Amino acid sequence: MRTALFYIIHFTLVLYIHTNSFAQTTIQLEAIYQNETIELGKVYYSNDKKDSFQIEILKFYLSDFSLWNDEVLVFKSPQLPVLIDLEKPESKILPIESPNRLTFNVLKFNLGIDSLTNVSGAFGGDLDPTNGMYWTWQSGYINFKLEGTSSISPARKNVFQYHLGGYQVPYYGLREIKLPVSNLETIHIILNLSSFFEYVASKEIYQVMSPNQKAMYVADEIAKLFSVQL
Amino acid sequence: MKQRTLFLFSIITCCSAFGLLKYHDLELPKHFPKPYFDFEKESLTNAKIQLGRALFYDPILSSDNSISCASCHSPYNAFAHTDHDLSHGINDSVGFRNAPALFNLAWQKSFMWDGAFNHLDMQALAPISDSKEMNETIENVVLKLNKNPHYAQLFYAAFYDSIATGSRTLKALSQFQLTLVSCNSKYDKVKEGKTKFTSQEKKGYELFKKNCNACHTEPMFTNYGFANNGLPVDPTLNDFGKYRLTKNSKDSLLFKIPTLRNLKYTYPYAHDGRFKKIREMLNHYTDGIQRQPSLSKELKKYIVLSSNEKSDLLAFLLTLNDSTFIFNPLNKFPQTISSGKEGKK
């Protein structure tokens, strides 16, 4: 009886310590166009109504989440890269487990997959090559994939395809994203593609599928489109 | 440790997991360098090797179940494709490069003629996806494998989980290919002191060290680098090698330096299989080099060899053939292939 009691107390204590020493910060992602949540297959129009486009695929990797208090690293998440896929709503919710009672005001993460992972062979889960995010003509993950049709694309059937990747300099496609956050349980991250379709997607830049200068430019622009909804 | 054993880790793993299994107890000769592949991180196991072997010989990897890896990488040709200058695949499509021999891959740092793949695991994605080879997707391969009860067993044995995934499929293929080690040629026996070169082979060896060893470095007979060896571009292919990937003029016409082991079984030679005989290749080095800006610095100085010297060199090169590798039953078609069809030969 005393042993049983001991175990009950022990268990409660362990549970108490556990629940109190870890906090869950949940990141919720949303891709928007002109204040509207993007739906795959829906037709969107440019501001002047001249151009229209549809998004069929939007998938990208986020990796190396870390929390900072100003310039001081407070927590580095051990989580493996995660694949955000608009087709899978559950992929837009990312729980990040961190020690409790941290004070932080900056969230940093990478858009894409680092070089080391890119040269380390096959991985499962979100990194499995069956996710369609690994090139088959040469080594390398596709960090960001955006496909659809657009009236401005001169390609056959007006398609546009952005497969951004590259793991070797000078064409290293990974981009660091740094966002101010407050100590909240849920952080809403917005990927706002309005300016992308307004200024980046064009008659010249509608198909980017290898690591090159164009891809680096588009990756720079995409990285600027992340923000936190306060 | 008396002898360095490449697959020590695998044997330990197998023994501890299954009690008595001993699959690949190949002992590497002392003159072999340490493999580049990290076996401590990724140890070989018998079950994974057998799964990889089944996959390697199974046309289930192609979209119409007609082409297996072995269709172009036959064990009898040191896993190259004798007689075919260019690889060919589904619906008799012809590719644009020669199917390379597959062995001693654990020492190789990058794969394909232009080094497009940085890891053996991922390399298989190229032939699986190429519209002229297997014309399939890894997604669909995994779907097909998951419908197949035989593979459920093999995956379970290898990964303690019957579900096929992309990474497991690729890793198993990789494991089988890593067991393809050729190290039992006459050259190797001479190095081990078990036999001697004939006087002609010895002369050839000296010529080899003087003229060839800088790139085809012994004992692997390649330095695993890339070079422009002065082959004129075939206008029907317009293949500029590594330049295709980097778009850097320095990489124009750079191709992987292939090993010279097992040449007897791997003809025709060069990235586009343009040479049917080794002597033609030698003649290229003495008389055929085209001096483009990216020509390998080792070839800037002319190679001069008399006809007799070429014969001596040839005699030496023939000591690099390893018939025990060609006839090793462990490398061959496994007894049961789940899809019931043998791939096109």
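Two strands count as paired if DSSP finds at least two bridges between them; strands (E, at least two residues) and helices (H or I, at least four) are DSSP runs, numbered from the N terminus. By that criterion, strand S4 (residues 52-69) of chain A pairs with S9(A) in the antiparallel sense over 7 bridges. The model is predicted: local features need pLDDT of at least 70 and side-chain atom pairs count only at pLDDT 80 or more, while totals for chains, interfaces and linings use all residues. Residues are numbered from 1 along each chain as its sequence is written, and chains are lettered from A and ligands numbered from 1 in the order in which they are written.

**Strand S9 of chain A**
- Of the 9 residues of S9(A) (residues 142-150), 7 are buried (20 or more other C-beta atoms within 10 Å of their own, C-beta atoms being placed from the backbone), so the strand is largely enclosed by the rest of the structure.
- A:Leu146 in S9(A) is the bridge partner of A:Leu58.
- S9(A) also pairs with strand S10 (residues 159-165) of chain A, in the antiparallel sense over 7 bridges.
- A:Leu164 in S10(A) is the bridge partner of A:Phe144.

**Contact between chains**
- Chain A contributes 16 residues and chain B 19 residues to the contact (C-beta atoms, placed from the backbone, within 7 Å).

**Confidence**
- The predictor assigns the complex an ipTM of 0.85 and a pTM of 0.88.
- Chain B averages a pLDDT (the predictor's confidence in each residue, from 0 to 100) of 90, and 90% of the residues score at least 70.
- Residues 1-23 of chain B have pLDDT below 50.
- Where pLDDT is low, the predicted coordinates should not be read in detail.

Key
Two residues are in contact if their C-beta atoms, placed from the backbone, lie within 7 Å. A residue is buried if 20 or more other C-beta atoms lie within 10 Å of its own, exposed if 12 or fewer, and partly exposed in between; C-beta atoms are placed from the backbone.
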